[in-house]
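Hi,

Here is the structure I said I would pass on.

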Amino acid sequence: MCNEITPQSVDRILRDYLVIVERAYKGDIDAIAVIDELNEAIRCARLSERQARVLKLVYFDGLTQREVARLLGCSQKAVSHLLRETRKRISECLQQEVLR
(Lines give C-alpha, C1' and ligand atoms only; values in the text may rest on other atoms or scores of the structure.)
Protein backbone atom coordinates (compact mmCIF):
# COMPACT_ATOMS: atom_id res chain seq x y z
CA MET A 1 0.00 0.00 0.00
CA CYS A 2 1.08 3.60 -0.32
CA ASN A 3 2.14 5.87 2.54
CA GLU A 4 -0.87 8.23 2.33
CA ILE A 5 -4.16 6.40 2.76
CA THR A 6 -7.17 8.63 2.14
CA PRO A 7 -10.87 7.88 1.79
CA GLN A 8 -10.40 8.56 -1.94
CA SER A 9 -7.64 5.96 -2.22
CA VAL A 10 -9.87 3.47 -0.38
CA ASP A 11 -12.60 4.23 -2.93
CA ARG A 12 -10.17 3.42 -5.79
CA ILE A 13 -9.08 0.17 -4.15
CA LEU A 14 -12.67 -0.89 -3.55
CA ARG A 15 -13.69 -0.02 -7.12
CA ASP A 16 -10.79 -2.15 -8.41
CA TYR A 17 -11.43 -4.99 -5.95
CA LEU A 18 -12.52 -7.57 -8.52
CA VAL A 19 -9.49 -6.85 -10.70
CA ILE A 20 -7.24 -7.16 -7.64
CA VAL A 21 -8.87 -10.49 -6.73
CA GLU A 22 -8.30 -11.77 -10.26
CA ARG A 23 -4.64 -10.77 -10.06
CA ALA A 24 -4.34 -12.49 -6.66
CA TYR A 25 -5.92 -15.63 -8.09
CA LYS A 26 -3.20 -15.62 -10.75
CA GLY A 27 -0.55 -15.51 -8.02
CA ASP A 28 0.24 -11.79 -7.82
CA ILE A 29 1.78 -11.45 -4.34
CA ASP A 30 1.16 -7.68 -4.20
CA ALA A 31 -2.53 -8.19 -5.00
CA ILE A 32 -2.77 -10.81 -2.25
CA ALA A 33 -1.22 -8.33 0.20
CA VAL A 34 -3.69 -5.59 -0.81
CA ILE A 35 -6.64 -7.94 -0.25
CA ASP A 36 -5.28 -9.04 3.14
CA GLU A 37 -4.69 -5.45 4.26
CA LEU A 38 -8.10 -4.32 3.03
CA ASN A 39 -9.89 -7.20 4.78
CA GLU A 40 -8.03 -6.46 8.00
CA ALA A 41 -8.89 -2.75 7.74
CA ILE A 42 -12.57 -3.56 7.20
CA ARG A 43 -12.51 -5.71 10.36
CA CYS A 44 -10.62 -3.00 12.23
CA ALA A 45 -13.15 -0.35 11.18
CA ARG A 46 -15.89 -2.16 13.10
CA LEU A 47 -18.55 -1.17 10.63
CA SER A 48 -22.18 -1.19 11.63
CA GLU A 49 -24.36 -3.80 9.96
CA ARG A 50 -25.83 -1.06 7.74
CA GLN A 51 -22.39 0.28 6.74
CA ALA A 52 -21.17 -3.23 5.91
CA ARG A 53 -24.28 -3.92 3.84
CA VAL A 54 -23.98 -0.66 1.88
CA LEU A 55 -20.26 -1.32 1.29
CA LYS A 56 -21.03 -4.80 -0.04
CA LEU A 57 -23.93 -3.69 -2.23
CA VAL A 58 -22.04 -0.80 -3.85
CA TYR A 59 -18.51 -2.15 -4.21
CA PHE A 60 -18.90 -5.91 -4.39
CA ASP A 61 -22.38 -6.32 -5.90
CA GLY A 62 -22.10 -3.31 -8.24
CA LEU A 63 -25.32 -1.51 -7.30
CA THR A 64 -25.58 2.24 -7.66
CA GLN A 65 -26.19 4.43 -4.64
CA ARG A 66 -29.69 5.12 -5.96
CA GLU A 67 -30.42 1.37 -6.22
CA VAL A 68 -29.10 0.79 -2.69
CA ALA A 69 -31.22 3.64 -1.37
CA ARG A 70 -34.33 2.14 -2.95
CA LEU A 71 -33.46 -1.30 -1.56
CA LEU A 72 -32.88 0.02 1.97
CA GLY A 73 -35.73 2.51 1.94
CA CYS A 74 -33.61 5.59 2.50
CA SER A 75 -32.35 8.53 0.46
CA GLN A 76 -29.39 8.42 -1.91
CA LYS A 77 -27.86 11.14 0.26
CA ALA A 78 -28.03 8.81 3.28
CA VAL A 79 -26.26 6.08 1.29
CA SER A 80 -23.61 8.56 0.17
CA HIS A 81 -23.06 9.64 3.78
CA LEU A 82 -22.76 6.02 4.95
CA LEU A 83 -20.18 5.30 2.24
CA ARG A 84 -18.18 8.42 3.05
CA GLU A 85 -18.03 7.50 6.75
CA THR A 86 -17.21 3.88 5.90
CA ARG A 87 -14.33 4.84 3.59
CA LYS A 88 -13.02 7.24 6.25
CA ARG A 89 -12.99 4.52 8.92
CA ILE A 90 -11.33 2.01 6.60
CA SER A 91 -8.69 4.56 5.55
CA GLU A 92 -7.91 5.32 9.20
CA CYS A 93 -7.37 1.62 9.88
CA LEU A 94 -5.19 1.23 6.78
CA GLN A 95 -3.15 4.26 7.83
CA GLN A 96 -2.62 2.70 11.27
CA GLU A 97 -1.43 -0.47 9.56
CA VAL A 98 1.08 1.51 7.44
CA LEU A 99 2.47 3.26 10.51
CA ARG A 100 3.15 -0.03 12.35
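In α5, Gln65, Arg66, Val68 and Ala69 meet Gln76, Val79, Ser80 and Leu83 of α6; contact here means heavy atoms within 4.5 Å. Sorted by class, that contact has four nonpolar, three polar and one charged residues. (Ala, Val, Leu, Ile, Met, Phe, Trp, Tyr, Cys and Pro count as nonpolar, Asp, Glu, Lys and Arg as charged, and the others, Gly among them, as polar.) The axes of α5 (residues 65–72) and α6 come within 8 Å and cross at roughly 110 degrees, which makes α5 roughly perpendicular to α6.

Before I go on, a word on where this comes from: it is a predicted model, where local features need pLDDT of at least 70 and side-chain atom pairs count only at pLDDT 80 or more, while totals for chains, interfaces and linings use all residues. Residues are numbered from 1 along each chain as its sequence is written, and side-chain values use heavy atoms, with hydrogens and water left out.

Some terms: helices are DSSP runs (H or I, at least four residues), as are strands (E, at least two), numbered from the N terminus. Axes are lines fitted to C-alpha atoms, for helices over the stretch in contact, with angles from 0 to 180 degrees between N-to-C directions. Under 35 degrees is roughly parallel, over 145 roughly antiparallel, 65 to 115 roughly perpendicular, and the rest oblique.

α6 (residues 76–99) also packs with α3 (residues 29–44): their axes come within 8 Å and cross at roughly 120 degrees, so the two are oblique to each other. On the α3 side you'll find Glu37, Leu38, Ala41, Ile42 and Cys44, and they meet Ile90, Cys93, Leu94 and Gln96 in α6. This one has seven nonpolar, one polar and one charged residues.

Arg46 counts as exposed because its relative accessibility is 69% (exposed is over 50%, buried under 20%, partly exposed in between, with a 1.4 Å probe and protein chains only).

Finally, α1 (residues 7–15): its buried residues are Ser9, Val10, Asp11, Ile13 and Leu14, and they pack against α2 (17–25), α3, α4 and α6. The axes of α1 and α4 come within 9 Å and cross at roughly 60 degrees, so this pair is oblique. Asp11, Leu14 and Arg15 in α1 meet Leu55, Tyr59 and Phe60 in α4.

Cheers
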